[in-house]
Structures are given as C-alpha cells and as structure tokens.
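I opened the notebook to record what I looked up in this structure. The entries follow in the order I made them.

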Amino acid sequence: MQNGPAVRRRKLGAELRALRTGAGLTSGEAARLVGWHQSKVSRIETGASGVKPADLRLLLDAYGVRDRHLRELLLILAGSEETSGRHRWWHAYRGVLPPTYRDFISLESQASAMRTLETTVVPGLLQTAEYARAVTRAAVNDLDEDRLDTLVEVRLARQDVLRSDPPLALSAVLDEAVLRREVGGPGVMARQRRRLMEAARLPQVRLQVLPFTAGAHIGLTGPFVIFSFPSTSDLDVVVLDQLTSSLYLERKEDLVAYSEAFSTLQFHALSPEDSLDYIAGIGDGV
C-alpha cells in the first residue's frame, strides 16, 4: 500500500521503462539523448524521484511516443497542471482539497472505467446536491457554510466524467444499506433514489444492488474503487478510502484479488434490471 503520489511515481516509472525498452534504448542511451546522467533516468524509472512535466516531454519525444491520450495520462501521473480540458479543473480548488482527494480526482478524470463497491453511502458520481451536502457535513467536522458549499461544488463537478466524450464507464454495486440509510431525511433519500434510477438507465452506468438477503459477502471488509485506464492496464489501481486518507494498491496480485472480488459481488447482486425494480420498491415503502 502506498499513498497516491508514490503510487503514481512508481507507475509512471514502470511505464517509462517499458516505453524506453520498446524504443530499443538502454537507460544510458536514453540519458544521452536528453542530455542527462544515467542515474536520473534510473531514479525516475524506479519511482525514487519524480519528473517535471518538461523533462517527461523530453523523454516521451526521445521514445517516439505520439499518442496524445497516453502522453496526457503520463503527464497527469507526473503531477502536471498543464494538461488540457476537464483533466485540470480541480486545480482551482488546491487550497481547499487535501492532496489525497486531488489524487483521487485526477485518477477519476483520466480513467476509462471505474468499478466501485459501496457499503455505506451513494457513490459520489451519483449523488444529488442535497445528499452530498448531508454526507459532507456528517463526515467533516467544523465545516463553515462556505467550505461546505465548495466541497459540494467539487463533488458535483466530478460527475462531468459521466457526460464527457467518451464518458467514464461506471459499474457500481451498492449494499442495500446504502439505499435505506436516511442521509438527510426521507425527502432527500427519496430524491436520491430517483437519481440512482435515472443514472442506472444511462448506457455508461451499470448499477446493481446487493440485498440484505444475500447474507455475508466478500465486500463486508469495506468499500473499494478500481480504476482502469486506456492505453495500458499497467496503470490500473485499487483505492481504499479511509477516514483521514486514501490507500492505493498497485501490485498485480492486489488488482487481481479485487477484480475477482468485484466479479463475485456482481454475481451475487441483483441484475441491473431487477436492481431498478428493487430501488423503486424501497421508494414505495417495501
């Protein structure tokens, strides 16, 4: 387990090493092409040190990398604020958002797919404004109204990934407790359930409910998110959200374990069609 920046450095280094070897270059040859000492290339590839966006561009040019999306993804991993479009909107909130949250948003913005198990609250990408406000107020102590407004604004801005071109493909398994816990009161929950039903009908969203009748399941250990990226699966990462930070799992065995766990949860959950009926039933007082 690593924090966000460490994971991204290691993933970036591994990808750069693969690109270098794919270009048929040794680390010494790559260093000479960009005018560096070999040790600098080695430190970057092992994740021991970060790389500035300008230096990253030098390496990518030397390796003949022309794929725009891959270049932009690697720049995000390097912590660049210079990438285009929706990928940088959260930098306007740097003074408000903790680093781990910014890391999460940057991964979410670049991912092509997201799989998530939620056992306590509705996924942030599917929350209504009033639900997001109630959750944020409960989760963060001593929030003044201005900061609360800003955090809700960020939560809603994140949802643009579902409307982008191409949109993020979201697969979510929700424990029934998520639907029955009255966050913000009955009215807020009724409108939130309607929002879930609307989102579930989108082609890019697959929503399944894991009912109480499913009994004990592998997700009882807690919620998690799996991000998948275009161009390379080597950048996929599991995120475990904690009270004061997030943990990032990058090892292949971790990715396999959580991917298998998610598939198991989908198998035991209701189908997307039956999940819609189930949510509607809860709204009818079933």
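Does Arg71 count as buried or exposed? I looked it up in the model, which is a predicted one. Arg71 has a relative accessibility of 18%, and the cut-off for buried is under 20%, so Arg71 counts as buried.

**Entry: the partner of Arg71.** I then searched for its salt bridge. Arg71 pairs with Asp61, and the closest N and O atoms are 3.1 Å apart. Arg71 sits in helix H5 (residues 68-77) and Asp61 in helix H4 (residues 53-62), so the bridge ties together parts ten residues apart in sequence. Asp61 is partly exposed, at 42% relative accessible area.

**Entry: other salt bridges.** I count twelve salt bridges in the model. One of them joins the side chains of Glu45 and Arg20, at 2.6 Å from N to O. Glu45 belongs to helix H3 (residues 38-46) and Arg20 to helix H1 (residues 4-22). The two residues are 25 apart, and the pair links distant parts of the chain. I checked burial here as well: both Glu45 and Arg20 are buried.

Next I looked at Arg133. Its side chain meets that of Glu145 in a salt bridge, 3.5 Å from N to O. Arg133 is in helix H7 and Glu145 in helix H8 (residues 145-158), so this pair ties together parts twelve residues apart in sequence. Arg133 is partly exposed, with a relative accessible area of 24%. Glu145 is partly exposed too, at 44%. Which residues make up the salt-bridge network with Arg133? I find Arg133, Arg137, Glu145 and Asp149 linked in it.

**Entry: the sheet.** I traced the strand order next. Six strands form an open sheet in the order S3-S2-S1-S4-S5-S6, and the pairing is mixed. S3 and strand S6 (246-249) are the edge strands, each pairing on one side only. From one strand to the next the twist averages 15 degrees. Strand S1 (residues 113-118) runs parallel to S2, and six bridges join them. In that pairing I find Met114 opposite Leu170 of S2. Helix H6 (residues 99-110) packs on the sheet. H6 touches S1, strand S4 (224-228), strand S5 (237-241) and S6. The direction of H6 makes about 45 degrees with that of S6.

**Entry: aromatic rings.** How many aromatic pairs does the structure hold? I find three. In the pair of Phe224 and Tyr258, the ring centres are 5.0 Å apart and the planes stand at 75 degrees, so the pair is edge-to-face. Phe224 lies in strand S4 and Tyr258 in helix H11 (residues 252-268), so the pair ties together parts 34 residues apart in sequence. Phe224 is buried, at 5% relative accessible area. Tyr258 is partly exposed, at 23%. Phe224, Tyr258 and Phe262 form one aromatic cluster.

**Entry: helix H10.** Last, I checked a length. Helix H10 (residues 186-200) has 15 residues, which at 1.5 Å a residue should span 21 Å. The end C-alpha atoms of H10 are 21 Å apart, which agrees. I listed the buried residues of H10, among them Val188, Met189, Gln192, Arg193 and Leu196. What covers the buried residues of H10? The cover includes helix H7 (129-139), strand S2 (169-175), helix H9 (176-180), strand S3 (205-210) and helix H12 (272-283).

Note on methods. Residues numbered from 1 in each chain as written. Predicted model: local features only at pLDDT ≥ 70, side-chain atom pairs only at ≥ 80, totals over all residues. Heavy atoms only, no water. Helix = DSSP H or I, 4+ residues; strand = E, 2+ residues; numbered from the N terminus. Expected span 1.5 Å × (residues − 1). Buried < 20%, exposed > 50% of the residue type's maximum accessible area, 1.4 Å probe, protein only. Contact = heavy atoms within 4.5 Å. Pairing = 2+ DSSP bridges. Axes fitted to C-alpha atoms, helices over the stretch in contact; angles between N-to-C directions. Salt bridge = Lys/Arg side-chain N within 4 Å of Asp/Glu carboxyl O. Phe/Tyr/Trp six-rings, centres within 6.5 Å; stacked < 30°, edge-to-face > 60°.
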